[in-house]
There are 4 protein chains.
Amino acid sequence: MTATLVDEQTAAAPPAERIPVAILGATGSVGQRFIQLLANHPWFRVHEVVASDRSAGKSYGAAADWRLETLVPEDVAGLTVKNLGGQLESRLLFSGLDSSVAGEAEDDYANRGCAVISNSKNHRMAADVPLLIPEINADHIDAITTQQKRRNGKGYIVTNPNCSVMGLAIALAPLHQQFGVDAVHVTTMQAISGAGYAGVASYAILDNVIPYIGGGEEDKIEAEPRKILGKWNGTFEDAQMKISAQVNRVPTIDGHLMTVSAKTRERVSLDDIRNALESFTGEPQRLGLPSAPQRPIHFLDAADRPQPRLDRDRERGMAVSVGRLRACPILDFRLVALVHNTIRGAAGAAVLNAELLHARNLLP
Amino acid sequence: MTATLVDEQTAAAPPAERIPVAILGATGSVGQRFIQLLANHPWFRVHEVVASDRSAGKSYGAAADWRLETLVPEDVAGLTVKNLGGQLESRLLFSGLDSSVAGEAEDDYANRGCAVISNSKNHRMAADVPLLIPEINADHIDAITTQQKRRNGKGYIVTNPNCSVMGLAIALAPLHQQFGVDAVHVTTMQAISGAGYAGVASYAILDNVIPYIGGGEEDKIEAEPRKILGKWNGTFEDAQMKISAQVNRVPTIDGHLMTVSAKTRERVSLDDIRNALESFTGEPQRLGLPSAPQRPIHFLDAADRPQPRLDRDRERGMAVSVGRLRACPILDFRLVALVHNTIRGAAGAAVLNAELLHARNLLP
Amino acid sequence: MTATLVDEQTAAAPPAERIPVAILGATGSVGQRFIQLLANHPWFRVHEVVASDRSAGKSYGAAADWRLETLVPEDVAGLTVKNLGGQLESRLLFSGLDSSVAGEAEDDYANRGCAVISNSKNHRMAADVPLLIPEINADHIDAITTQQKRRNGKGYIVTNPNCSVMGLAIALAPLHQQFGVDAVHVTTMQAISGAGYAGVASYAILDNVIPYIGGGEEDKIEAEPRKILGKWNGTFEDAQMKISAQVNRVPTIDGHLMTVSAKTRERVSLDDIRNALESFTGEPQRLGLPSAPQRPIHFLDAADRPQPRLDRDRERGMAVSVGRLRACPILDFRLVALVHNTIRGAAGAAVLNAELLHARNLLP
Amino acid sequence: MTATLVDEQTAAAPPAERIPVAILGATGSVGQRFIQLLANHPWFRVHEVVASDRSAGKSYGAAADWRLETLVPEDVAGLTVKNLGGQLESRLLFSGLDSSVAGEAEDDYANRGCAVISNSKNHRMAADVPLLIPEINADHIDAITTQQKRRNGKGYIVTNPNCSVMGLAIALAPLHQQFGVDAVHVTTMQAISGAGYAGVASYAILDNVIPYIGGGEEDKIEAEPRKILGKWNGTFEDAQMKISAQVNRVPTIDGHLMTVSAKTRERVSLDDIRNALESFTGEPQRLGLPSAPQRPIHFLDAADRPQPRLDRDRERGMAVSVGRLRACPILDFRLVALVHNTIRGAAGAAVLNAELLHARNLLP
């Protein structure tokens with residue numbers, strides 16, 4: 001299992017100096033992950049932290065109820081939290097805003113000329129907003145031009161998908177590209193961190209599983225992969241694929257696990273499927289983007305893997321793990337996939353998106 | 001939602017006095033549940049406890065590492081553990097033996113004239129052994145006659161299904177009976193108690209999900225429902241139904257939850273399905289068997305139910321809970337089902353089987 | 001280990017018919033436990049449910065987000081929630097109000113002539129309010145007379161202690177009564193239900209222990225036992241006892257476990273201590289109160305008991321379990337105690353208090 | 001809070017090339033941690049892996065049921081497991097052997113001239129074996145000379161303490177050195193990893209706390225700190241300190257948390273104690289040993305810290321976290337301490353011990 005080596009001729013050039021960025025929703029759980037992931041980033045540096053009125057004016061160290069296992073980076077702890085909606089110096093914004101405020105605030109900053117790299121659901125399905133996974137649909141960034149025209153400026157929004165969709169779409173992408181995927185049953189077992197810090201009460205989830213997640217989780221899983229795996233030809237054309245999703249909250253901290261059964265348009269062998277999964281690679285690998293995993297998909301042979309606690313941190317949480325590939329008595333094949341929901345499935349996805357945009361000279 | 005009232009004319013008569021029974025594998029986790037469930041049983045009383053050499057000769061109180069939330073019944077605690085394979089006074093035996101020894105030991109006692117009510121997997125698929133769920137296939141007990149002939153005596157074995165199968169088969173039974181079920185996708189999220197007391201290491205399962213269960217769990221789920229929902233016409237004829245199962249171990253203590261997508265032979269509405277589920281009833285209810293739930297299926301309306309911790313104990317753990325009934329974009333409908341794996345899915349199932357056999361005058 | 005038999009000559013007489021009661025804070029976690037415990041109570045019946053403005057006017061079934069493993073009693077589900085502060089028909093009120101509103105509301109109802117049996121902390125340390133554990137200080141109810149004078153009426157407040165204090169005080173009571181206890185180190189490991197349903201985020205407590213509980217938990221544990229174990233002589237005189245408490249939140253659902261080291265005034269043997277614990281009994285046992293455990297303290301011999309999940313439900317959650325009695329190298333002896341925090345440590349305690357008051361003809 | 005800078009004049013010199021080492025008990029949980037921690041060690045490289053007959057002859061990758069979140073180092077995965085007791089090429093052995101075999105095997109290798117750095121309990125209290133924590137009692141290594149004489153060679157055993165003792169001893173060391181500590185109450189809440197991979201059944205510990213740990217855990221906690229904090233003057237002289245320990249197993253994965261109440265010989269203020277804790281440093285810091293934490297003790301101000309999941313990984317798991325320093329109503333002060341039980345409390349401790357021995361030129 002050799003790592004993808006980045007060809008020097010294709011590698012993206014780093015910026016002359018680290019690009020200043022702002023974090024919207026900086027005190028929340030996704031915001032904290034942004035700050036953690038950007039702490040030693042070679043291309044970007046956290047220059048501004050932005051949150052709601054309640055936190056604005058305080059130092060970030062005082063305003064944030066920091067919950068991650070690593071410590072708050074000292075330089076960020078000293079930044080004064082700015083008010084959401086106010087003027088910012090950065091042109092590149094990472095948004096971990098709650099969906100109750102993200103819609104308007106992100107639009108506003110994009111209209112003011114900023115590149116908004118958003119993890120929120122609000123604009124994901126918009127007609128000229130890329131729902132971007134650089135390994136899969138890097139060409140969807142062409143929609144930015146259309147979007148900039150609408151906004152009369154250089155600003156735009158780029159989004160990454162829902163955390164479960166990230167795992168599903170990456171696992172399906174090589175199979176859809178090579179064989180066509182028609183139908184997908186997926187049952188998710190999602191970690192509590194997906195709901196934010198206060199999202200799931202311990203009294204609700206200890207010794208329990210909750211077969212429901214609010215906010216339209218199943219709808220997202222049934223809709224977003226179709227846009228992601230579809231085409232941009234001036235407008236987005238969805239992939240023709242039926243998806244049936246049943247979601248569950250389980251008492252794990254990080255890592256969304258999912259069982260998948262799927263049908264391919266062509267008849268293919270399990271070996272073909274495995275080869276497609278193992279050899280999958282894309283623009284981030286070709287460009288050597290800093291946050292890119294060497295292999296987007298780790299195929300595991302052990303009968304009882306992937307497991308959230310043991311496999312979620314592969315490649316710093318940026319690789320999707322796949323295992324238990326078997327024939328399905330009803331559709332064609334079955335497998336189990338795992339994604340780190342707050343890294344590859346959220347903040348890490350947005351950072352990778354921004355890296356692609358820099359590599360393509362699309363940052364304002 | 002009114003409870004099924006037992007018609008006095010159909011109610012089974014209790015025995016003249018409580019029937020003495022023996023528990024095989026009495027110190028194990030299923031054995032302990034047998035003892036707990038039979039503690040105040042109106043028809044049966046625990047007369048003998050049987051275990052391996054290591055425990056034989058000790059008092060049950062000393063031999064068993066009792067792990068249930070209720071205390072060991074005092075009269076059972078004082079019984080001396082008998083050696084597996086030795087002579088027993090009881091004619092009715094409940095077996096919670098491990099599958100490594102159950103095959104031979106159960107056959108042996110059946111050949112000696114005992115009714116062996118087994119929770120083990122060894123004889124479930126045998127050609128003349130009922131895989132019995134009294135609400136579904138009470139007529140399968142006709143196979144006992146065939147079996148008794150083979151054994152040249154009054155003895156026989158009756159089995160109950162795998163714990164996950166119990167939940168699945170009960171949820172499907174009314175739908176299969178009324179509309180025919182062709183195809184079923186099921187993903188289980190199974191509690192740790194299913195593996196026995198020492199079965200799942202805490203280091204393996206805390207903050208984790210394991211997408212695999214050994215011992216052929218998926219094979220059982222794909223095979224047993226076909227026998228259960230099939231017919232006995234001198235031989236067993238399987239139901240024609242394709243099942244695709246993906247199993248997971250999750251950190252819950254009791255209660256197997258499962259997501260199900262299924263296809264019916266006839267076109268039916270969700271209302272039809274719901275009515276079929278809610279009105280489902282069978283022999284145990286008609287006969288008023290002591291362990292029978294009033295309603296075998298509890299249909300729950302709340303969007304986030306059933307949940308293992310909140311719903312597993314309905315009707316003393318003997319009812320299966322079903323919820324989240326919705327149309328499926330690929331097959332016809334989806335739902336979520338829950339079964340208490342160590343009560344309805346194990347010891348309680350066996351006790352109900354024995355009650356049916358008494359009501360039918362089939363106990364030796 | 002024989003149960004205490006209630007002498008017919010000492011047994012309290014039940015009321016002519018079940019006494020109507022109101023539940024204050026009926027939709028909260030303590031309120032739900034009140035309703036569960038009173039569902040089939042022989043002396044009391046839930047007649048009114050009272051909550052904040054948000055719930056008032058709805059049916060209880062619709063207003064309460066019911067979280068207990070048993071179902072909402074159907075007769076209570078149909079009651080209309082009344083507004084806190086409004087007129088009530090019941091003269092006996094059980095209060096599970098949050099401490100933010102309990103202080104004023106309870107005083108108000110007491111001043112209007114009601115007996116308020118409160119689980120809240122607000123009035124526990126008041127100069128004429130009994131902090132009552134009927135097995136220990138039944139005579140403290142004499143303070144009610146003083147309180148009624150202050151209120152110019154028949155109304156009064158009676159309180160039960162903090163959930164951890166309940167376990168500690170019951171374990172210490174027989175030792176303090178017989179030998180005098182001077183000094184107590186206690187470290188608690190408290191279940192999440194102690195914080196109410198939404199109190200502890202799963203992200204905070206999974207795979208974790210939090211060595212802190214807000215709201216002055218340690219202060220209560222260091223203060224309340226002194227009042228409970230003290231005397232009423234027209235005023236309350238605290239027991240002379242130094243207590244050092246360190247509290248922790250652990251990922252258990254119900255049951256507060258605590259390690260205790262203590263010093264006695266007299267030199268006593270471990271056998272003396274054990275005898276005192278095992279023979280402990282009080283007014284509820286003498287009077288045969290409906291909620292009284294047969295033995296307030298269960299002394300466990302096994303080296304690894306008591307354990308929350310296995311022992312919290314002894315005597316329907318009303319008994320305190322004690323084990324691991326050993327000499328202490330620094331103070332005199334050590335032990336481990338367990339109390340069901342939401343039954344004996346909260347709602348069950350209040351119900352028992354009300355039963356004592358009825359038996360003593362003190363209900364208005 | 002500035003890190004201790006290593007004075008270049010005091011820094012230890014690295015070896016000319018990485019020293020080959022063998023791991024005894026390489027497939028077990030401590031063995032796996034050794035391999036993980038030594039994967040990129042600047043001074044040592046894993047050259048041999050040793051285990052019981054069952055694993056011997058297999059490749060390590062095949063023999064070990066690897067359970068850590070990082071992957072098996074590829075070079076170690078290819079090593080063939082050697083049989084315990086056989087000849088080894090390495091002179092430096094790290095032992096994670098189970099105590100059932102460690103006693104004899106470690107003695108044997110030491111007698112053959114090896115330096116055995118042991119995590120097992122067997123030889124900890126031996127009269128000429130250092131129970132070493134380099135920050136505290138680096139001078140105890142003088143006992144090695146005595147031991148070598150007994151063994152007639154260059155070989156010896158050095159041990160590190162029990163995992164809980166490590167946290168306790170480091171927290172107490174600066175206080176004992178400066179003020180004298182007379183008496184200590186400690187209650188531990190220990191993670192499941194302390195019992196090895198299969199040690200604690202999930203059925204035993206989910207939604208539970210077990211107030212007992214076998215193998216003499218409490219005895220070790222009451223004895224080992226006295227040797228560690230004592231003196232070597234040709235023989236070991238224990239510190240005069242009474243310790244009372246009560247241990248509990250809680251459902252956390254890694255990190256032993258403990259509440260401590262203690263009495264000092266001199267009267268000191270809480271500020272004095274805090275200063276002593278924060279300024280504590282020792283030989284590993286002076287010598288700049290590769291595994292040394294910059295600060296052995298992290299003093300945390302937040303009212304609810306340290307917490308196992310949030311603080312166990314400070315300084316790669318090598319720092320002990322202390323918080324909640326308060327006066328004690330009975331003894332003098334109270335605090336809460338946390339140690340990563342499988343890193344600082346086990347494998348990491350042994351690696352640090354070996355580093356000290358190299359720095360002092362004591363490796364054979």
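## How the copies meet, and what sits inside them

Chains C and D meet through the same surface, because 100% of the interface residues of chain C are also interface residues in chain D. This is a predicted model, so keep that in mind for everything below.

Chains A and B tell a similar story. Chain A superposes on chain B by a rotation of 180° with 0.0 Å of shift along its axis, at an RMSD of 0.0 Å. That is the relation of a two-fold axis. Here too the copies meet through the same surface, since 100% of the interface residues of chain A are also interface residues in chain B.

**Helix packing**

Two packed helices are described by the angle between their axes and the distance between the axes.

| Helix pair | Angle between axes | Distance between axes |
|---|---|---|
| Helix 7 (residues 163-179) and helix 9 (residues 217-228) of chain D | about 40° | 9 Å |
| Helix 7 (residues 163-179) and helix 10 (residues 270-278) of chain B | about 120° | 9 Å |

Take the chain D pair to begin with. At an angle of about 40°, helix 7 of chain D is oblique to helix 9 of chain D, and the crossing is right-handed. On the helix 7 side of chain D, the contact is made by D:Cys163, D:Ser164, D:Val165, D:Leu168 and D:Ala169. Helix 9 of chain D answers with D:Glu217, D:Lys220, D:Ile221, D:Glu224, D:Pro225 and D:Ile228.

Now the chain B pair. With about 120° between the axes, helix 7 of chain B also counts as oblique to helix 10 of chain B, and that crossing is right-handed. The residues that meet are B:Ala171, B:Pro174, B:Leu175, B:Gln178 and B:Phe179 from helix 7 of chain B, and B:Asp272, B:Ile273, B:Ala276 and B:Leu277 from helix 10 of chain B.

**Cysteines**

**Two loop residues in chain C**

C:Gly86 sits in the loop between strand 3 (81-83) and strand 4 (92-95) of chain C. Its relative accessibility is 27%, so C:Gly86 counts as partly exposed. If you set aside its neighbours within four places in sequence, C:Gly86 is in contact with C:Tyr109 and C:Arg112. As for reach across the chain, C:Gly86 and C:Asp311 are 225 residues apart along the chain, and their C-alpha atoms are separated by 41 Å.

C:Lys58 is another loop residue, placed between strand 2 (44-51) and helix 2 (60-63) of chain C. Buried or exposed, or in between: where does C:Lys58 fall? At 40% relative accessibility, C:Lys58 counts as partly exposed. Beyond its neighbours within four places in sequence, C:Lys58 is in contact with C:Ala63, C:Leu79, C:Thr80 and C:Val81. C:Lys58 and C:Ala239 lie 181 residues apart in sequence, with 46 Å between them in space, C-alpha to C-alpha.

Most residues other than glycine have a negative phi, and most peptide bonds are trans. That makes a few spots worth a look.

In chain B, the peptide bond joining B:Arg305 and B:Pro306 is cis, with omega at about 5°. B:Pro306 belongs to the loop between strand 12 (297-299) and helix 12 (308-311) of chain B. Chain D has a cis bond from D:Arg305 to D:Pro306, where omega is near 5°, and D:Pro306 lies in the loop between strand 12 (297-299) and helix 12 (308-311) of chain D.

On the phi side, A:Asn152 has a positive value near 55° without being a glycine. A:Asn152 is in the loop between helix 6 (143-151) and strand 6 (156-159) of chain A, and is exposed, with a relative accessible area of 71%. A:Arg316 also has a positive phi, near 55°, but its place is in helix 13 (residues 314-317) of chain A.

Definitions and conventions:
Residues are numbered from 1 along each chain as its sequence is written. Chains are lettered from A and ligands numbered from 1 in the order in which they are written. This is a predicted model: local features need pLDDT of at least 70, side-chain atom pairs count only at pLDDT 80 or more; totals for chains, interfaces and linings use all residues. Side-chain values use heavy atoms; hydrogens and water are left out. Copies are superposed by least squares on the C-alpha atoms of residues with pLDDT of at least 70 in both. Contact means heavy atoms within 4.5 Å. Axes are lines fitted to C-alpha atoms, for helices over the stretch in contact, and angles run from 0 to 180 degrees between N-to-C directions. Helices (H or I, at least four residues) and strands (E, at least two) are DSSP runs, numbered from the N terminus. Angles under 35 degrees count as roughly parallel, over 145 as roughly antiparallel, 65 to 115 as roughly perpendicular and the rest as oblique. A crossing is left-handed if the near helix is turned anticlockwise from the far one by less than a right angle, and right-handed if clockwise. Buried means under 20% relative accessible area, exposed over 50%, partly exposed in between (1.4 Å probe, protein chains only).
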